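Have the structure open as you read.

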Amino acid sequence: MRTSNYLLSTLKENPVDAAVVSHRLMLRAGLIRQIASGIYAILPTGFRVLQKVEQIVREELNKKGAIELNMPVVQPADLWRESGRYEKYGPELCRLKDRKDNEFVLGPTHEEVITAIARKEIKSARQLPINLYQIQTKFRDEIRPRFGMMRGREFVMKDAYSFHMDKASLKKTYDDMYDAYSRIFTRLGLEFRAVEADTGAIGGNHSHEFQVLADAGEDTIVFSDKSNYAANIEMAKAPAPDYERAQPNGKAIEKIATPNCVSVDEAAAALNLDSNQVLKSLLVKATDGSLVMICLQGNYELNEVKASKIEGISSPLEFASLDEIKEYTQATAGSLGPVGFKGRIIIDQSADKMANFACGANETGYHLINVNWDVDVKNYEVYDLRNVVEGDKSPYDDGILHLRKGIEVGQVFMLGTKYSQAMGCCVQDENGKLVPMEMGCYGIGVTRVIAAAIEQHHDDKGIVWPEPMAPFKVAIVAIGMNKSSEVKEVANKLYNELLERNIEVLFDDRDERPGVMFADMELIGIPHTIVVGQKSLDQGMLEYKHRRTQSKELVAKDNIIDFVISKFEN
(Lines give C-alpha, C1' and ligand atoms only; values in the text may rest on other atoms or scores of the structure.)
Protein backbone atom coordinates (compact mmCIF):
# COMPACT_ATOMS: atom_id res chain seq x y z
CA MET A 1 0.00 0.00 0.00
CA ARG A 2 1.27 3.46 -0.94
CA THR A 3 0.49 6.32 1.41
CA SER A 4 -0.49 8.40 -1.62
CA ASN A 5 -3.37 5.95 -2.17
CA TYR A 6 -4.17 5.35 1.50
CA LEU A 7 -6.23 7.06 4.20
CA LEU A 8 -3.41 7.60 6.69
CA SER A 9 -5.30 10.00 9.01
CA THR A 10 -2.57 10.58 11.62
CA LEU A 11 -2.80 13.49 14.06
CA LYS A 12 0.14 15.56 15.34
CA GLU A 13 -1.49 16.70 18.59
CA ASN A 14 -2.87 14.67 21.47
CA PRO A 15 -6.70 14.72 21.61
CA VAL A 16 -7.73 16.63 24.72
CA ASP A 17 -10.57 14.24 25.62
CA ALA A 18 -8.49 11.04 25.56
CA ALA A 19 -7.78 9.98 29.15
CA VAL A 20 -5.80 6.77 28.56
CA VAL A 21 -2.87 5.90 26.30
CA SER A 22 -4.78 3.51 24.03
CA HIS A 23 -7.55 6.02 23.31
CA ARG A 24 -5.04 8.77 22.60
CA LEU A 25 -2.86 6.66 20.31
CA MET A 26 -5.76 5.04 18.46
CA LEU A 27 -6.98 8.52 17.56
CA ARG A 28 -3.52 9.91 16.74
CA ALA A 29 -2.50 6.89 14.66
CA GLY A 30 -5.72 7.06 12.65
CA LEU A 31 -7.17 3.77 13.83
CA ILE A 32 -10.53 5.18 14.92
CA ARG A 33 -12.70 8.29 14.83
CA GLN A 34 -15.55 9.07 17.22
CA ILE A 35 -19.00 9.31 15.59
CA ALA A 36 -21.01 9.67 18.81
CA SER A 37 -20.39 9.09 22.51
CA GLY A 38 -18.94 5.58 22.84
CA ILE A 39 -19.40 4.89 19.10
CA TYR A 40 -16.41 4.83 16.75
CA ALA A 41 -15.69 4.30 13.08
CA ILE A 42 -12.75 1.95 12.55
CA LEU A 43 -10.54 3.52 9.89
CA PRO A 44 -8.39 1.50 7.43
CA THR A 45 -5.33 1.16 9.68
CA GLY A 46 -7.48 0.07 12.61
CA PHE A 47 -9.46 -2.27 10.39
CA ARG A 48 -6.28 -4.03 9.30
CA VAL A 49 -5.41 -4.63 12.97
CA LEU A 50 -8.96 -5.82 13.65
CA GLN A 51 -8.69 -8.33 10.81
CA LYS A 52 -5.41 -9.67 12.22
CA VAL A 53 -7.00 -10.30 15.61
CA GLU A 54 -10.11 -11.86 14.06
CA GLN A 55 -8.00 -14.20 11.93
CA ILE A 56 -6.07 -15.55 14.90
CA VAL A 57 -9.32 -15.98 16.85
CA ARG A 58 -10.87 -17.90 13.95
CA GLU A 59 -7.86 -20.14 13.47
CA GLU A 60 -7.72 -21.21 17.11
CA LEU A 61 -11.49 -21.72 17.47
CA ASN A 62 -11.68 -23.69 14.25
CA LYS A 63 -8.92 -25.98 15.55
CA LYS A 64 -11.21 -26.79 18.48
CA GLY A 65 -14.08 -27.70 16.16
CA ALA A 66 -16.12 -24.54 16.69
CA ILE A 67 -18.41 -23.56 13.81
CA GLU A 68 -18.91 -19.96 12.69
CA LEU A 69 -22.31 -18.43 12.04
CA ASN A 70 -23.82 -14.94 12.15
CA MET A 71 -26.75 -13.74 14.24
CA PRO A 72 -28.71 -10.46 14.08
CA VAL A 73 -27.85 -7.42 16.15
CA VAL A 74 -31.58 -6.60 16.42
CA GLN A 75 -33.28 -9.22 18.61
CA PRO A 76 -36.95 -9.73 19.54
CA ALA A 77 -37.67 -8.54 23.06
CA ASP A 78 -39.84 -11.62 23.61
CA LEU A 79 -36.75 -13.84 23.59
CA TRP A 80 -35.32 -11.77 26.45
CA ARG A 81 -38.61 -12.05 28.32
CA GLU A 82 -38.41 -15.83 27.95
CA SER A 83 -34.98 -15.90 29.58
CA GLY A 84 -36.05 -13.45 32.28
CA ARG A 85 -33.36 -10.93 31.38
CA TYR A 86 -35.50 -8.24 29.71
CA GLU A 87 -35.96 -6.38 32.99
CA LYS A 88 -33.03 -7.80 34.95
CA TYR A 89 -30.35 -6.74 32.46
CA GLY A 90 -30.93 -3.09 33.30
CA PRO A 91 -30.56 0.17 31.38
CA GLU A 92 -27.54 -1.04 29.38
CA LEU A 93 -30.00 -3.06 27.28
CA CYS A 94 -31.09 -0.74 24.46
CA ARG A 95 -34.81 -1.28 23.85
CA LEU A 96 -36.67 -0.11 20.72
CA LYS A 97 -39.83 -0.56 18.65
CA ASP A 98 -40.36 -0.87 14.92
CA ARG A 99 -43.11 0.90 12.96
CA LYS A 100 -45.58 -1.83 13.93
CA ASP A 101 -44.85 -1.39 17.63
CA ASN A 102 -43.02 -4.72 17.82
CA GLU A 103 -40.45 -4.59 20.61
CA PHE A 104 -36.77 -5.34 19.99
CA VAL A 105 -33.41 -4.92 21.69
CA LEU A 106 -29.94 -4.20 20.32
CA GLY A 107 -27.97 -7.28 21.27
CA PRO A 108 -25.34 -6.81 23.98
CA THR A 109 -24.84 -10.57 23.81
CA HIS A 110 -26.61 -13.49 22.11
CA GLU A 111 -27.53 -16.20 24.64
CA GLU A 112 -31.24 -15.81 23.90
CA VAL A 113 -30.89 -15.91 20.11
CA ILE A 114 -28.53 -18.90 20.05
CA THR A 115 -30.78 -20.80 22.45
CA ALA A 116 -33.77 -20.10 20.20
CA ILE A 117 -31.78 -21.40 17.23
CA ALA A 118 -30.65 -24.52 19.10
CA ARG A 119 -34.16 -25.50 20.23
CA LYS A 120 -35.28 -25.47 16.58
CA GLU A 121 -32.24 -26.98 14.90
CA ILE A 122 -30.94 -29.59 17.36
CA LYS A 123 -33.29 -32.54 17.07
CA SER A 124 -31.22 -35.34 18.55
CA ALA A 125 -28.57 -35.96 21.21
CA ARG A 126 -26.45 -37.35 18.36
CA GLN A 127 -25.90 -33.75 17.23
CA LEU A 128 -24.23 -32.91 20.54
CA PRO A 129 -21.85 -31.52 21.57
CA ILE A 130 -21.79 -28.54 19.24
CA ASN A 131 -20.01 -25.20 19.58
CA LEU A 132 -21.19 -22.21 17.51
CA TYR A 133 -19.50 -18.82 17.33
CA GLN A 134 -19.67 -15.47 15.61
CA ILE A 135 -17.56 -12.30 15.35
CA GLN A 136 -20.06 -9.49 15.32
CA THR A 137 -21.01 -6.01 16.50
CA LYS A 138 -22.60 -5.63 19.93
CA PHE A 139 -24.29 -2.65 21.58
CA ARG A 140 -24.48 -1.87 25.29
CA ASP A 141 -25.91 1.46 26.35
CA GLU A 142 -23.13 2.28 28.82
CA ILE A 143 -24.09 5.04 31.24
CA ARG A 144 -20.60 6.52 31.00
CA PRO A 145 -18.68 5.44 27.90
CA ARG A 146 -14.99 6.14 28.37
CA PHE A 147 -11.46 5.19 27.43
CA GLY A 148 -12.20 4.83 23.72
CA MET A 149 -12.54 1.21 22.65
CA MET A 150 -11.99 -0.08 26.19
CA ARG A 151 -15.45 0.99 27.37
CA GLY A 152 -17.53 1.90 24.32
CA ARG A 153 -21.19 1.40 23.60
CA GLU A 154 -20.68 -0.31 20.24
CA PHE A 155 -17.90 -2.88 19.87
CA VAL A 156 -16.85 -6.03 18.07
CA MET A 157 -17.05 -9.23 20.03
CA LYS A 158 -16.42 -12.91 19.41
CA ASP A 159 -19.09 -14.87 21.22
CA ALA A 160 -19.36 -18.66 21.19
CA TYR A 161 -22.03 -20.95 22.67
CA SER A 162 -21.80 -24.68 23.21
CA PHE A 163 -24.58 -27.23 23.80
CA HIS A 164 -24.16 -30.56 25.59
CA MET A 165 -25.96 -33.61 26.83
CA ASP A 166 -24.24 -33.60 30.21
CA LYS A 167 -21.87 -31.67 32.47
CA ALA A 168 -18.88 -33.86 31.59
CA SER A 169 -19.18 -32.87 27.94
CA LEU A 170 -19.57 -29.20 28.91
CA LYS A 171 -16.44 -29.41 31.07
CA LYS A 172 -14.41 -30.76 28.14
CA THR A 173 -15.47 -27.95 25.81
CA TYR A 174 -14.91 -25.40 28.57
CA ASP A 175 -11.35 -26.69 28.95
CA ASP A 176 -10.87 -26.66 25.17
CA MET A 177 -12.00 -23.05 24.96
CA TYR A 178 -9.83 -22.09 27.93
CA ASP A 179 -6.88 -23.58 26.03
CA ALA A 180 -7.90 -21.83 22.78
CA TYR A 181 -8.08 -18.48 24.57
CA SER A 182 -4.65 -19.02 26.10
CA ARG A 183 -3.27 -19.76 22.64
CA ILE A 184 -5.01 -16.73 21.10
CA PHE A 185 -3.65 -14.22 23.60
CA THR A 186 -0.20 -15.81 23.50
CA ARG A 187 -0.11 -15.58 19.70
CA LEU A 188 -1.19 -11.94 19.92
CA GLY A 189 1.87 -11.20 22.04
CA LEU A 190 -0.04 -10.13 25.16
CA GLU A 191 0.99 -10.51 28.79
CA PHE A 192 -2.15 -11.93 30.39
CA ARG A 193 -3.50 -14.04 33.20
CA ALA A 194 -6.54 -16.30 33.37
CA VAL A 195 -8.33 -15.65 36.66
CA GLU A 196 -11.32 -17.07 38.51
CA ALA A 197 -14.24 -14.71 37.97
CA ASP A 198 -17.80 -13.92 38.95
CA THR A 199 -20.41 -14.93 36.38
CA GLY A 200 -22.30 -11.63 36.71
CA ALA A 201 -25.34 -10.91 34.53
CA ILE A 202 -24.49 -13.74 32.10
CA GLY A 203 -25.10 -16.34 34.79
CA GLY A 204 -23.80 -19.84 35.38
CA ASN A 205 -21.73 -21.31 38.17
CA HIS A 206 -18.13 -21.33 36.93
CA SER A 207 -16.11 -18.77 35.00
CA HIS A 208 -12.63 -17.52 34.16
CA GLU A 209 -11.64 -14.11 32.86
CA PHE A 210 -8.61 -13.46 30.69
CA GLN A 211 -6.98 -10.26 31.89
CA VAL A 212 -4.31 -8.31 30.03
CA LEU A 213 -2.01 -6.77 32.64
CA ALA A 214 -1.98 -2.98 32.27
CA ASP A 215 -2.03 0.01 34.59
CA ALA A 216 -5.06 1.45 32.78
CA GLY A 217 -7.16 -1.62 33.60
CA GLU A 218 -10.45 -1.20 35.43
CA ASP A 219 -10.21 -4.61 37.10
CA THR A 220 -7.92 -5.69 39.92
CA ILE A 221 -6.53 -9.19 39.74
CA VAL A 222 -4.98 -11.14 42.59
CA PHE A 223 -2.28 -13.79 42.24
CA SER A 224 0.00 -15.82 44.45
CA ASP A 225 3.77 -15.71 44.11
CA LYS A 226 4.02 -19.43 44.93
CA SER A 227 1.48 -21.07 42.60
CA ASN A 228 -0.73 -20.60 39.54
CA TYR A 229 -3.57 -19.29 41.68
CA ALA A 230 -5.12 -16.11 40.23
CA ALA A 231 -8.55 -14.51 40.58
CA ASN A 232 -10.44 -11.33 39.94
CA ILE A 233 -10.51 -9.40 43.22
CA GLU A 234 -14.29 -9.97 43.27
CA MET A 235 -13.65 -13.71 43.66
CA ALA A 236 -10.41 -13.71 45.65
CA LYS A 237 -10.81 -15.40 49.01
CA ALA A 238 -9.35 -13.40 51.88
CA PRO A 239 -7.24 -15.40 54.33
CA ALA A 240 -8.89 -16.11 57.66
CA PRO A 241 -7.13 -14.36 60.56
CA ASP A 242 -4.58 -16.68 62.20
CA TYR A 243 -4.91 -15.15 65.67
CA GLU A 244 -7.48 -15.25 68.45
CA ARG A 245 -9.69 -12.36 69.49
CA ALA A 246 -8.33 -10.41 72.48
CA GLN A 247 -10.25 -10.49 75.73
CA PRO A 248 -12.54 -7.57 76.66
CA ASN A 249 -10.66 -4.95 78.67
CA GLY A 250 -13.45 -4.74 81.25
CA LYS A 251 -14.16 -1.08 80.55
CA ALA A 252 -17.72 0.07 80.04
CA ILE A 253 -18.94 1.32 76.69
CA GLU A 254 -18.46 5.06 76.43
CA LYS A 255 -20.14 7.43 73.99
CA ILE A 256 -17.77 10.01 72.48
CA ALA A 257 -18.72 13.04 70.39
CA THR A 258 -17.29 12.83 66.86
CA PRO A 259 -18.85 15.83 65.10
CA ASN A 260 -18.51 16.03 61.30
CA CYS A 261 -16.82 12.63 61.12
CA VAL A 262 -18.15 10.78 58.08
CA SER A 263 -15.35 8.37 57.19
CA VAL A 264 -13.59 5.75 59.30
CA ASP A 265 -10.32 7.68 59.02
CA GLU A 266 -11.97 10.86 60.33
CA ALA A 267 -13.52 9.00 63.24
CA ALA A 268 -10.23 7.23 64.03
CA ALA A 269 -8.41 10.56 64.11
CA ALA A 270 -11.04 12.08 66.40
CA LEU A 271 -10.81 9.07 68.75
CA ASN A 272 -7.00 8.89 68.58
CA LEU A 273 -7.17 5.32 67.26
CA ASP A 274 -5.84 3.44 64.25
CA SER A 275 -8.42 2.79 61.55
CA ASN A 276 -8.18 -0.95 62.15
CA GLN A 277 -9.58 -0.33 65.65
CA VAL A 278 -12.72 1.32 64.26
CA LEU A 279 -15.58 -0.74 62.85
CA LYS A 280 -16.93 0.18 59.41
CA SER A 281 -20.72 -0.30 59.29
CA LEU A 282 -22.81 -0.24 56.11
CA LEU A 283 -26.50 -0.81 55.44
CA VAL A 284 -27.61 -2.87 52.42
CA LYS A 285 -30.95 -4.17 51.26
CA ALA A 286 -32.22 -7.68 51.81
CA THR A 287 -34.36 -9.52 49.27
CA ASP A 288 -37.41 -8.92 51.51
CA GLY A 289 -36.81 -5.16 51.50
CA SER A 290 -35.43 -4.91 55.04
CA LEU A 291 -32.02 -3.41 55.82
CA VAL A 292 -29.03 -5.50 56.84
CA MET A 293 -25.91 -4.15 58.58
CA ILE A 294 -22.54 -5.26 57.20
CA CYS A 295 -19.47 -4.61 59.38
CA LEU A 296 -15.78 -4.68 58.49
CA GLN A 297 -12.52 -3.78 60.14
CA GLY A 298 -12.08 -0.09 59.32
CA ASN A 299 -9.00 -0.44 57.12
CA TYR A 300 -10.66 -2.93 54.73
CA GLU A 301 -13.03 -2.44 51.80
CA LEU A 302 -16.26 -4.37 51.25
CA ASN A 303 -16.30 -6.90 48.41
CA GLU A 304 -19.77 -6.34 46.98
CA VAL A 305 -19.85 -9.59 45.01
CA LYS A 306 -19.10 -11.67 48.11
CA ALA A 307 -21.81 -9.84 50.06
CA SER A 308 -24.38 -10.28 47.28
CA LYS A 309 -23.87 -14.06 47.33
CA ILE A 310 -25.05 -14.35 50.95
CA GLU A 311 -28.53 -15.84 51.17
CA GLY A 312 -31.18 -13.18 51.66
CA ILE A 313 -29.04 -10.27 50.41
CA SER A 314 -30.04 -8.44 47.22
CA SER A 315 -28.02 -9.32 44.14
CA PRO A 316 -26.53 -7.19 42.73
CA LEU A 317 -25.81 -5.56 46.07
CA GLU A 318 -27.98 -2.51 46.76
CA PHE A 319 -26.97 -0.01 49.43
CA ALA A 320 -29.56 1.80 51.51
CA SER A 321 -30.16 5.40 50.51
CA LEU A 322 -29.36 8.26 52.90
CA ASP A 323 -33.09 8.75 53.52
CA GLU A 324 -33.58 5.03 54.26
CA ILE A 325 -30.64 5.04 56.67
CA LYS A 326 -32.04 8.04 58.51
CA GLU A 327 -35.53 6.52 58.71
CA TYR A 328 -34.26 3.12 59.89
CA THR A 329 -31.63 4.23 62.44
CA GLN A 330 -32.33 7.91 63.15
CA ALA A 331 -28.65 8.50 62.33
CA THR A 332 -26.53 9.49 59.35
CA ALA A 333 -24.29 7.08 57.43
CA GLY A 334 -21.06 8.04 59.24
CA SER A 335 -22.43 7.19 62.68
CA LEU A 336 -23.74 3.63 62.19
CA GLY A 337 -22.86 0.66 64.39
CA PRO A 338 -24.13 -2.77 65.48
CA VAL A 339 -24.84 -1.95 69.14
CA GLY A 340 -28.61 -1.82 69.52
CA PHE A 341 -29.22 -2.35 65.79
CA LYS A 342 -32.58 -4.09 65.37
CA GLY A 343 -31.90 -6.18 62.30
CA ARG A 344 -29.65 -8.78 60.76
CA ILE A 345 -25.92 -8.15 61.34
CA ILE A 346 -23.27 -9.71 59.09
CA ILE A 347 -19.58 -9.20 59.88
CA ASP A 348 -16.34 -9.95 58.08
CA GLN A 349 -14.07 -12.63 59.53
CA SER A 350 -11.39 -10.00 60.28
CA ALA A 351 -13.95 -7.83 62.13
CA ASP A 352 -14.84 -10.92 64.16
CA LYS A 353 -11.35 -10.79 65.69
CA MET A 354 -11.71 -7.17 66.82
CA ALA A 355 -11.98 -6.47 70.55
CA ASN A 356 -12.45 -3.29 72.54
CA PHE A 357 -13.20 -1.49 69.29
CA ALA A 358 -14.96 1.71 68.35
CA CYS A 359 -18.07 1.95 66.20
CA GLY A 360 -20.84 4.36 65.33
CA ALA A 361 -23.42 4.96 68.09
CA ASN A 362 -26.41 5.08 65.73
CA GLU A 363 -26.65 8.72 66.78
CA THR A 364 -25.41 11.40 64.43
CA GLY A 365 -22.05 12.80 65.52
CA TYR A 366 -21.26 10.11 68.11
CA HIS A 367 -19.18 6.92 68.36
CA LEU A 368 -18.91 4.23 71.00
CA ILE A 369 -15.61 2.89 72.37
CA ASN A 370 -14.78 -0.30 74.30
CA VAL A 371 -17.26 -2.36 72.27
CA ASN A 372 -16.98 -6.17 72.18
CA TRP A 373 -18.69 -8.97 70.27
CA ASP A 374 -20.71 -11.45 72.34
CA VAL A 375 -20.87 -8.87 75.13
CA ASP A 376 -22.40 -5.79 73.52
CA VAL A 377 -23.49 -7.43 70.24
CA LYS A 378 -24.66 -11.01 70.57
CA ASN A 379 -26.43 -11.94 67.33
CA TYR A 380 -24.31 -11.76 64.22
CA GLU A 381 -23.08 -13.91 61.32
CA VAL A 382 -19.47 -14.21 60.15
CA TYR A 383 -18.42 -14.36 56.46
CA ASP A 384 -15.49 -13.53 54.22
CA LEU A 385 -16.61 -10.09 53.05
CA ARG A 386 -13.53 -7.98 52.37
CA ASN A 387 -11.32 -7.34 49.37
CA VAL A 388 -7.90 -8.89 49.67
CA VAL A 389 -4.96 -6.49 49.89
CA GLU A 390 -1.35 -6.54 48.73
CA GLY A 391 0.70 -8.78 51.01
CA ASP A 392 -2.16 -10.98 52.27
CA LYS A 393 -1.27 -14.63 52.73
CA SER A 394 -2.58 -16.86 49.97
CA PRO A 395 -5.43 -19.06 51.24
CA TYR A 396 -4.39 -21.86 48.85
CA ASP A 397 -0.62 -22.13 49.30
CA ASP A 398 2.23 -20.66 51.36
CA GLY A 399 2.64 -17.69 49.02
CA ILE A 400 1.87 -14.01 49.30
CA LEU A 401 -0.92 -12.36 47.31
CA HIS A 402 -0.10 -9.55 44.90
CA LEU A 403 -2.44 -7.18 43.08
CA ARG A 404 -2.22 -5.93 39.50
CA LYS A 405 -4.54 -3.92 37.30
CA GLY A 406 -6.00 -5.80 34.37
CA ILE A 407 -8.13 -5.26 31.27
CA GLU A 408 -10.66 -8.03 30.75
CA VAL A 409 -10.41 -9.17 27.13
CA GLY A 410 -12.16 -12.54 27.36
CA GLN A 411 -14.31 -14.70 29.60
CA VAL A 412 -15.50 -18.29 29.57
CA PHE A 413 -18.63 -19.46 31.41
CA MET A 414 -20.26 -22.70 32.37
CA LEU A 415 -23.88 -21.61 31.98
CA GLY A 416 -25.43 -24.94 32.88
CA THR A 417 -29.17 -24.95 32.09
CA LYS A 418 -29.97 -21.32 32.96
CA TYR A 419 -31.13 -20.42 29.44
CA SER A 420 -32.09 -23.84 28.11
CA GLN A 421 -34.40 -24.47 31.09
CA ALA A 422 -36.06 -21.07 30.82
CA MET A 423 -36.48 -21.24 27.03
CA GLY A 424 -37.37 -24.92 26.61
CA CYS A 425 -34.21 -25.87 24.74
CA CYS A 426 -34.37 -29.63 25.33
CA VAL A 427 -33.24 -32.92 23.86
CA GLN A 428 -34.17 -36.51 24.65
CA ASP A 429 -31.89 -38.45 27.00
CA GLU A 430 -31.21 -42.21 26.80
CA ASN A 431 -34.55 -42.87 28.52
CA GLY A 432 -36.51 -40.82 26.01
CA LYS A 433 -37.08 -38.01 28.51
CA LEU A 434 -36.76 -34.40 27.39
CA VAL A 435 -34.01 -32.66 29.38
CA PRO A 436 -32.59 -29.13 29.03
CA MET A 437 -29.21 -29.00 27.33
CA GLU A 438 -26.13 -27.98 29.27
CA MET A 439 -24.66 -24.76 27.83
CA GLY A 440 -21.33 -22.92 27.80
CA CYS A 441 -20.63 -19.35 26.73
CA TYR A 442 -17.28 -17.90 25.63
CA GLY A 443 -16.57 -14.26 24.74
CA ILE A 444 -13.64 -12.18 23.49
CA GLY A 445 -13.83 -8.40 23.17
CA VAL A 446 -12.04 -8.12 19.83
CA THR A 447 -11.88 -4.33 19.70
CA ARG A 448 -10.93 -4.21 23.39
CA VAL A 449 -8.03 -6.56 22.65
CA ILE A 450 -6.62 -3.88 20.33
CA ALA A 451 -6.85 -1.20 23.02
CA ALA A 452 -5.36 -3.54 25.63
CA ALA A 453 -2.42 -4.38 23.35
CA ILE A 454 -1.64 -0.67 22.96
CA GLU A 455 -1.80 -0.14 26.73
CA GLN A 456 0.90 -2.80 27.05
CA HIS A 457 2.92 -1.96 23.95
CA HIS A 458 3.74 1.72 23.41
CA ASP A 459 6.46 4.28 23.99
CA ASP A 460 6.75 8.06 23.76
CA LYS A 461 6.75 7.87 19.95
CA GLY A 462 3.54 5.87 19.56
CA ILE A 463 2.30 2.29 19.27
CA VAL A 464 4.76 -0.63 19.38
CA TRP A 465 2.62 -3.47 18.02
CA PRO A 466 3.21 -7.12 18.81
CA GLU A 467 4.10 -8.23 15.31
CA PRO A 468 1.06 -10.49 14.73
CA MET A 469 -1.23 -7.47 15.24
CA ALA A 470 0.67 -4.85 13.24
CA PRO A 471 -1.31 -3.30 10.37
CA PHE A 472 1.77 -3.61 8.12
CA LYS A 473 4.88 -5.68 8.61
CA VAL A 474 7.30 -3.31 6.87
CA ALA A 475 7.42 0.40 6.12
CA ILE A 476 9.47 1.95 3.33
CA VAL A 477 10.47 5.58 3.86
CA ALA A 478 11.88 7.15 0.71
CA ILE A 479 13.80 10.35 1.45
CA GLY A 480 13.89 12.94 -1.33
CA MET A 481 12.25 10.67 -3.88
CA ASN A 482 11.11 13.69 -5.89
CA LYS A 483 14.74 14.85 -6.16
CA SER A 484 16.54 11.57 -6.84
CA SER A 485 15.60 9.17 -9.61
CA GLU A 486 17.76 6.48 -7.97
CA VAL A 487 15.89 6.76 -4.66
CA LYS A 488 12.61 6.55 -6.55
CA GLU A 489 13.71 3.54 -8.60
CA VAL A 490 15.12 1.60 -5.65
CA ALA A 491 12.14 2.34 -3.40
CA ASN A 492 9.63 1.26 -6.04
CA LYS A 493 11.57 -1.91 -6.84
CA LEU A 494 11.83 -2.75 -3.17
CA TYR A 495 8.10 -2.17 -2.69
CA ASN A 496 7.18 -4.48 -5.58
CA GLU A 497 9.56 -7.23 -4.41
CA LEU A 498 8.06 -7.17 -0.91
CA LEU A 499 4.55 -7.46 -2.38
CA GLU A 500 5.67 -10.39 -4.53
CA ARG A 501 6.77 -12.14 -1.35
CA ASN A 502 3.34 -11.50 0.21
CA ILE A 503 4.81 -9.17 2.83
CA GLU A 504 2.46 -6.42 3.98
CA VAL A 505 4.20 -3.14 3.31
CA LEU A 506 3.33 0.55 3.60
CA PHE A 507 5.36 2.66 1.17
CA ASP A 508 5.55 6.28 2.32
CA ASP A 509 5.81 7.99 -1.06
CA ARG A 510 4.62 11.39 0.14
CA ASP A 511 6.52 14.55 -0.64
CA GLU A 512 7.06 15.26 3.05
CA ARG A 513 9.96 16.10 5.33
CA PRO A 514 11.80 12.98 6.59
CA GLY A 515 10.91 13.84 10.19
CA VAL A 516 7.20 13.78 9.39
CA MET A 517 7.44 10.41 7.63
CA PHE A 518 9.50 8.82 10.40
CA ALA A 519 7.14 10.17 13.06
CA ASP A 520 4.07 8.74 11.30
CA MET A 521 5.61 5.29 10.83
CA GLU A 522 6.62 5.16 14.49
CA LEU A 523 3.23 6.46 15.60
CA ILE A 524 1.46 3.72 13.62
CA GLY A 525 3.89 1.20 15.10
CA ILE A 526 5.07 -0.68 12.02
CA PRO A 527 7.67 -3.19 13.31
CA HIS A 528 10.30 -2.86 10.56
CA THR A 529 11.30 0.20 8.54
CA ILE A 530 13.58 0.42 5.50
CA VAL A 531 14.94 3.89 4.78
CA VAL A 532 15.89 4.60 1.17
CA GLY A 533 18.07 7.71 0.95
CA GLN A 534 20.67 8.96 -1.50
CA LYS A 535 23.43 9.15 1.10
CA SER A 536 23.20 5.44 1.97
CA LEU A 537 22.64 4.46 -1.66
CA ASP A 538 25.95 6.09 -2.59
CA GLN A 539 27.53 3.40 -0.39
CA GLY A 540 25.36 0.64 -1.86
CA MET A 541 23.48 0.44 1.43
CA LEU A 542 20.01 0.95 2.90
CA GLU A 543 19.13 1.72 6.51
CA TYR A 544 17.03 -0.69 8.56
CA LYS A 545 15.27 0.37 11.77
CA HIS A 546 13.56 -1.90 14.30
CA ARG A 547 10.54 -0.24 15.92
CA ARG A 548 10.65 -1.95 19.31
CA THR A 549 14.38 -1.73 20.01
CA GLN A 550 14.97 1.48 17.99
CA SER A 551 18.16 -0.16 16.68
CA LYS A 552 19.49 0.98 13.29
CA GLU A 553 21.72 -0.89 10.86
CA LEU A 554 23.15 -0.25 7.41
CA VAL A 555 22.50 -3.24 5.16
CA ALA A 556 23.68 -3.96 1.63
CA LYS A 557 20.99 -2.92 -0.82
CA ASP A 558 20.83 -6.33 -2.50
CA ASN A 559 20.46 -8.17 0.83
CA ILE A 560 17.90 -5.91 2.49
CA ILE A 561 14.77 -8.05 1.98
CA ASP A 562 16.30 -11.25 3.30
CA PHE A 563 17.78 -9.28 6.18
CA VAL A 564 14.40 -7.78 7.12
CA ILE A 565 12.68 -11.16 6.89
CA SER A 566 15.29 -12.57 9.27
CA LYS A 567 14.15 -9.98 11.81
CA PHE A 568 10.49 -11.06 11.69
CA GLU A 569 9.22 -12.52 14.95
CA ASN A 570 7.21 -15.20 13.14
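## A four-stranded sheet

Four strands form an open sheet in the order β14-β15-β16-β19, with mixed pairing. At its edges stand β14 (279-285) and β19 (381-383), each with a single partner strand, so one side of each has no neighbour in the sheet. On average, neighbouring strands here are turned by 30° against each other, direction ignored; the axes behind such angles are lines fitted to C-alpha atoms.

Strands β15 (residues 291-297) and β16 (residues 345-348) pair in the parallel sense over three bridges. Pairing requires at least two DSSP bridges between two strands. Cys-295 has Ile-347 in β16 as its bridge partner. Strands are DSSP runs (E, at least two residues), as are helices (H or I, at least four), numbered from the N terminus.

This is a predicted model, where local features need pLDDT of at least 70, side-chain atom pairs count only at pLDDT 80 or more, and totals for chains, interfaces and linings use all residues. Residues are numbered from 1 along each chain as its sequence is written, and side-chain values use heavy atoms, leaving out hydrogens and water.

Helix α11 (residues 446-456) is largely enclosed by the rest of the structure, because 11 of its 11 residues are buried. Buried means under 20% relative accessible area, exposed over 50%, and partly exposed in between (1.4 Å probe, protein chains only).

Glu-54 sits in helix α2 (residues 44-63) and counts as buried at 14% relative accessibility. Beyond its neighbours within four places in sequence, Glu-54 contacts (heavy atoms within 4.5 Å) Ile-135, Val-156 and Val-446. Val-446 is among the buried residues of α11.

## Gly-312 in a loop

Gly-312 lies in the loop between α8 (304-308) and α9 (322-329), and is partly exposed at 26% relative accessibility.

Technical notes
Axes fitted to C-alpha atoms, helices over the stretch in contact; angles between N-to-C directions.
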